[in-house]
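User: I would like to learn how to read a few local features from a set of coordinates. Please take them one at a time, with the general idea before the case.

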Amino acid sequence: MKRMNKDLVLMFHEVHDRLWFEKTLLYLGRRYRFIDFDGISSRIKNGSYDYPVIHITFDDGHKSFYEVAFPILCKHNIPATLFVSPLVVADEKNYWFQRVKYFEANSFHRYVCDNVRTAFTGPIRHFSVQSILKSLPVAKIIELVCAYEKLHNIPNQLFLNVSEKELVTIRDSGLIEIGAHTIRHPILSNESNATSQQEIVKSIEDLSAMLSCKIRCFAYPNGLPDLDFCEREMQTLLGIGMDLAFSTEPRGIGNHENPMKIPRIGISKGNPLFIEGKILFAKQWDTFKTLLTKSTESNERRKLNKMMV
């Protein structure tokens, strides 16, 4: 099979199928050379290697990273970067988007629409609840989630993410770079200047204190440039000396990349043919999804942003 020749950063979230993950890594390893954080940093700053390279990243710090992905990465000596919220790790309380998965979907959708409709200039019930929530400041999202849990007597959930002890073990492996992913997982572009800066800076400071090491990288929640973050956030990170910041702009690594918005392609499933297709057509993937589903979350959110009061 022909080599794919674009240098890549791939993004995973949860991995529950050990066999699929291992087969995926072995498939990628036949086409790329896996590089660590220093390697991708050098690639961004100094230009291409003589061979195609790939760096693996994980967002959020779901427990499946420690239980499933981490042992396989160690087995094959494949480096990666893991992005976490220090508050989620320290408090062992799930992210807001993990908590809403336990809710009855139609009921929660009605609840959100009833409580935020005045924030928009038109009807919003035909939009998904995730799109609506991601159009709001994180304090409002958490207020809605907490109020719904109280109203329906929803008990505390099983903690879904890595613990502080597990994170220290991951750090001590020497194989995994650990980066910051904000405090409360907001859509940074929805926040005030002060809140945006605090979410970035405090997450880096608190994670550094937790792990007793320098934090060199950051991943924007959700991560689409100009929708989830903008120049303001990049300047904040530059100002505190961050080495690299990762987006979810779906494409390979080109020449002269901005180190504050490194593109990544998300992978969550599929056989080698599917994965190769997603890599090759990453830029067009949302267009394909729109043709199949009539809409995507990013399209819905752009419409909602125009409707904000």
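Analyst: Asn222 is partly exposed, with a relative accessible area of 22%. The model is a predicted one. Asn222 sits in the loop between β6 and α11.

User: Where does Ser212 lie, and what is the value of its phi?

Analyst: Ser212 lies in the loop between α10 (193-211) and β6. Its phi is near 55°, a positive value in a residue other than glycine. Ser212 is exposed, because its relative accessible area of 66% is over the 50% cut-off.

User: Is Asp228 buried or exposed?

Analyst: The idea here is a threshold: buried means under 20% relative accessible area. Asp228 has a relative accessible area of 0%, so this residue is buried. Its place is in the loop between β6 (217-219) and α11 (231-239).

User: Which residues does Asp228 touch, not counting residues up to four places away in sequence?

Analyst: Asp228 touches Ile187, Leu188, Ser189, Pro221, Asn222, Gly223 and Arg301. Asn222, one of these contacts, is the residue with the positive phi of about 70°.

User: Next, salt bridges. How many salt bridges does the count come to?

Analyst: The general idea is a distance rule: a side-chain nitrogen of Lys or Arg has to be within 4 Å of a carboxyl oxygen of Asp or Glu. By this rule the count comes to 18 salt bridges.

User: Which salt bridge links distant parts of the chain?

Analyst: One such case is the pair Glu14 and Lys101, whose side chains meet at 3.7 Å, N to O. Glu14 counts as partly exposed at 34% relative accessibility, whereas Lys101 is exposed at 58%.

User: What is the N to O distance between Asp172 and Arg171?

Analyst: The side chains of Asp172 and Arg171 meet in a salt bridge at 2.7 Å, N to O. Asp172 is exposed, with a relative accessible area of 52%. Arg171 is partly exposed, with 27%.

User: Which residue forms a salt bridge with Arg251?

Analyst: The partner of Arg251 is Glu249, and the closest N and O atoms are 3.0 Å apart. Glu249 is partly exposed, with a relative accessible area of 24%.

User: Which residues are linked in a network of salt bridges?

Analyst: Asp38, Glu177 and Arg216 are linked in such a network.

User: Now helix packing. At what angle do α1 and α12 pack?

Analyst: The angle and the axis separation are read together. Helix α1 (residues 18-29) and helix α12 (residues 272-280) pack at an angle of about 60°, and their axes are 11 Å apart. The two helices are therefore oblique to each other, since roughly perpendicular starts at 65 degrees. The crossing of α1 and α12 is right-handed.

User: Which residues make the contact of α1 with α12?

Analyst: On α1 the contact is made by Trp20, Thr24, Tyr27 and Leu28, and on α12 by Pro272, Ile275, Glu276 and Ile279. By class, the contact of α1 with α12 has six nonpolar, one polar and one charged residues.

User: How do α3 and α9 pack, and which residues meet?

Analyst: Helix α3 (residues 63-75) and helix α9 (residues 164-172) pack at an angle of about 40°, with axes 10 Å apart. That angle makes α3 oblique to α9, because roughly parallel requires an angle under 35 degrees. α3 passes α9 in a left-handed crossing. Lys63, Phe65, Tyr66 and Phe70 in α3 meet Glu166, Thr169 and Ile170 in α9. By class, this contact has four nonpolar, one polar and two charged residues.

Conventions:
Residues are numbered from 1 along each chain as its sequence is written. This is a predicted model: local features need pLDDT of at least 70, side-chain atom pairs count only at pLDDT 80 or more; totals for chains, interfaces and linings use all residues. Side-chain values use heavy atoms; hydrogens and water are left out. Axes are lines fitted to C-alpha atoms, for helices over the stretch in contact, and angles run from 0 to 180 degrees between N-to-C directions. Helices (H or I, at least four residues) and strands (E, at least two) are DSSP runs, numbered from the N terminus. Angles under 35 degrees count as roughly parallel, over 145 as roughly antiparallel, 65 to 115 as roughly perpendicular and the rest as oblique. A crossing is left-handed if the near helix is turned anticlockwise from the far one by less than a right angle, and right-handed if clockwise. Contact means heavy atoms within 4.5 Å. Ala, Val, Leu, Ile, Met, Phe, Trp, Tyr, Cys and Pro count as nonpolar, Asp, Glu, Lys and Arg as charged, and the others, Gly among them, as polar. Buried means under 20% relative accessible area, exposed over 50%, partly exposed in between (1.4 Å probe, protein chains only).
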